[in-house]
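Colleague: Let us read this one together. Show me the structure and we will start with a helix.

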Amino acid sequence: MSQIPSQLVEQLPAIQLLLTLLAAPICSMFRNGDLSWRIATVASWASVACAFALLHQVWGGGSISYEMGGWPPPWGIEVVIDELTAIVLLLVTLFGALVMTALRESLSSIMRHQRQSLYYTTFLLCMASLIGITITGDAFNVFVFLEISSLATYTLIARGRDRRALTAAFRYLIMGTIGATFILIAIGFMYMLTGTLNMADLSERLPEHYDNKVLHASFAFFTIGIALKVAMFPLHYWLPNAYTYSPKATTAFLAATATKVSLYVMIRFIFDVYGVEFAFGQMQLGTLLVPLSIAGILVASLTAVFQDDAKRLLAWSSVAQLGYMALGIALLNANGLTSAVTHMFNHAMMKAGLFLALATMIYRTQSSSLASLSGIGRTMPWTTGAFAILGIGLIGVPFTAGFISKWYLVSGALDKDWLPVAVLLIISSLMAIAYIGKMLDVMYFKPAPSEFAEIKEGPKSMLIPCWIFALLTLYFGIDTRLTAGLAGRVASNLLGAS
Amino acid sequence: MIEGLNPALILIIGALLVPLFPQPWRRVYVIALPLVSMLQLVLHPYGSFAEASIYNVPLETFRLDNLSFIFGLIFHIAAVLGVIYAIHDDDPIHPTAGLIYAGAAIGAAFAGDLITLFVYWELTAISSVFLIWARRTESAFKAGMRYLVIQIGSGVILLAGVVLHYRETGFISFNEMNLESIGGKLIFLAFGIKCAFPFLHNWLQDSYPEATASGTVLLSAFTTKLAVYALARGYAGTDMLIWIGALMTAFPIFFAVIENDLRRVLAYSLNNQLGFMVVAVGIGTPLALNGAAAHAFCHILYKALLFMSMGAVLLRTGTCKGSELGGLYKSMPFTTVCCIIGAASISAFPLFSGFVSKSMIVSAVAGEHLTFVWLMLIFASAGVFHHSGIKIPYFAFFAHDSGIRCEEAPLSMRVAMGISAALCIGIGVFPGVLYSILPYPVDYVPYTAAHVITQLQLLMYSALAFTVMMLWKIYPPELRSTNLDTDWFYRKGATAALLPVTALAGQTTDSLFTALAKLKDRTLGLFDKTVGPGAWLSRSVDSSGMVALTMGSLLVFLLLYLL
């Protein structure tokens, strides 16, 4: 009786990828937006179930290796899933599925019915490629999926109703292509040296080439390429526009997943492919990463404080928050890495929720400028309530998810006796209070403009996902087994492997 | 009794349901709720319960021992009296916020670790501000905001202190701490703000008189006494507290005598009474700590009684200004009697509650041979009699007849005042009952000849001074109606001495603010140019610019790695 389920379980890694990848073309075949949405939603929630099942299998350590098409690695393509992979998978699928659920209502106002199915197709492709990047154990595959995700993302952004979305998408296209090309060059150099593309195989063969200039060049190309993808300061300029002009709920998905997956690739390559000793010892990555990430945190937070468009403000805050994660990696100790991995998950959750709540407001006001959101706390109390909880989480108030990641980050800085860094982190939190407070102040305490005095609460299909995000933010502020607990094990694995 | 169930949770969760009850049942419910919770407390055995853990830090959310029991008990009594007092009011905000506030204070008193303490500490701040806002006036709203900022600030400082303390010591339990580490200092400061230490006290006089009539009764009971409890738990025997406390007993007297708003006078005298408790905590001997706990217990009762009587006056006449009141004893005889009982208790007349607790503290000070502190306390005792014992009842109910004729206080207020007054006298006559629940064994006899005679001398001479003042009543009635004549020296002296200081301070702050405003304008201008919308750091860079930036970065990296 257990024959079929156990076979199914063995095939889970492939199913995880195929669910969304196959649902995409099916969606495109229908010209019926609602039907496509149903297919896409079912596929993405099935993919969440799959991610949970995989997380369950690797929980507490251990990893799954799956041979695609039955070809053994290093010749065939290998899929590797360990705890870090599983948490990123969960992040992509769960938050993607939540946004997908809210997407129908959000899109209905800006897109003709027939066009919607193509949009869902792109969305699913984007999700599938992000899943692919996460689970693959093959360096070249990372590049392939990275390209698919970039192409899908350009389309998603360009669908914004504002003309400026086109330029934003174009810039993202240029930058994304350069980033991907650099990563390809880096992988090519490694292939030249070792003759293999399998990550595990690479990590075994690279140490003998540590003094080779080609490997150094490869590392430089990789760092710049991935820094572009992660939107690390000062290569972040594509991000605010891309987030601001992308349509509606899509921003929530992009903000939650795209940069986080790139960050995951960064962690994978630095720790598992190049090796910690090479990256931080020989290449001195820390001396570059620490000042840049701190500068990014401060400059982006400060910039966020002075924005007058809610979407752009949150986009700048994302740049700052990515700085936290980069700093966590650069600290190179258990607490720092724990914070980076935890914050990856927590920030994805909070920022997706914030953008979704904002999309719900924009659904009614048709504008994301702060002025048009004034007094919205009275007309849309539930949406604003969720927004407030998520915002408080982003600041890092105790008993919200944001506190956990900041706590580990400050602890990591103190473990290194970097008191000034800890102080700067506190200062950046104060800036977060300023920019979130600015928005809440406008939403709750300013009188509503007369044309929006009568607007109604957002539709339930958007509100419920918003509140799920808000409640998760509170839940992960208290129960940290899934986030910080797992991240702690991941951190000791990554550091122990060196 | 359910073992391990924290009474605070009964109150807080129960309070959230208050608005759901329709009116006649709500009255029953809000009185029953604190009584049920009190029953749970009284029947509960001592020990540590409801242990949990968060972020792998062990928590002890319900710790019942000698010290926390007496504070938990008096907080319950105050909650019961507070809701009875306000039962005539249909506004659901008052019982809801009031009971959450009481529950938070009780939860904080039962907190066995600093994280739980922090949670309840902030909850007292957030819940209590609604008692101020419930008055629904512009000035109450603003005062509430100021209050909230300071109270939340205290919580944030507490959290910072707790985090540092935990990093330094590795312990999170709420026990004795010291002032040597930064964490310990911050926690002490957080406690000090809530305890209204000198120069940190202004929030109290600012906000309490702005709250509703019944709101002030509850406010006066919890926040500051919680801080006294926290100090007794964490910093008993810290010498610095003796001097802080002594200063606290003395300085509010000067402000109280020149104040016209009678509820503000009471707020000052609240500060003065806290000083006695802080001194006792600073001494830290079993006798002194007993005195602090006993005084907190009695103080909550008689201070609530005084605020209740003034609240009744406010409700019936619409004002609490000494200059506008007078002669109310004809209209409100019951309130007058209760106010006099409260005044006698706060002045520590023998056979009233203040006597049996305050004399413990004064004896503890004498036992440590702290002569100067002892003299300050004696001076403060006389001062209390002036502004609370005489000024409050005299200006409100006697003095120059203001001509106001109003109804007696509503039944609910009279019941609450009656119970409080009975408790004040009961404790004064039978101190053994109170002594039996004090944290340490008591072998103290309040009614010795020496104690009684000292206290009576003090009071009699104060009364004599008052009589002399009465004889000088040839002064125009306007003057008498605002201030006590005997305090003329204080008043003139204080004003004369303070005038240049305040003028200087005013000038300094003025110039400081001008400078700050200039600085703000300049920095904002700078920010607008650099990070404002469309400025160089935040503007959108076009593709070629971004590519150039990327190439530049790559070049830097390559040069760095390859050379």
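**Reading helices and an interface**

Modeller: Helix α11(B) is mostly covered, with 22 of its 22 residues buried. Buried means 20 or more other C-beta atoms within 10 Å of the residue's own, with C-beta atoms placed from the backbone. This is a predicted model: local features need pLDDT of at least 70, side-chain atom pairs count only at pLDDT 80 or more, and totals for chains, interfaces and linings use all residues. Residues are numbered from 1 along each chain as its sequence is written, and chains are lettered from A in the order in which they are written.

Colleague: What span does α11(B) reach from its first C-alpha to its last?

Modeller: The expected span is 1.5 Å times one less than the number of residues. α11(B), residues 262–283, reaches 32 Å, close to the 32 Å expected. Just after α11(B), B:Gly284 takes a positive phi of about 75°.

Colleague: Which residues of α7(A) meet α21(B)?

Modeller: Contact means C-beta atoms, placed from the backbone, within 7 Å. A:Phe170, A:Arg171, A:Ile174, A:Met175 and A:Ile178 meet B:Ser543, B:Met546, B:Val547 and B:Thr550.

Colleague: How many residues of chain A are in contact with chain B?

Modeller: 28 residues of chain A contact 22 of chain B. α9(A) gives the most to chain A's side, with eight residues.

Conventions:
Contact = placed C-beta atoms within 7 Å. Helix = DSSP H or I, 4+ residues; strand = E, 2+ residues; numbered from the N terminus. Buried ≥ 20, exposed ≤ 12 C-beta atoms within 10 Å, placed from the backbone.
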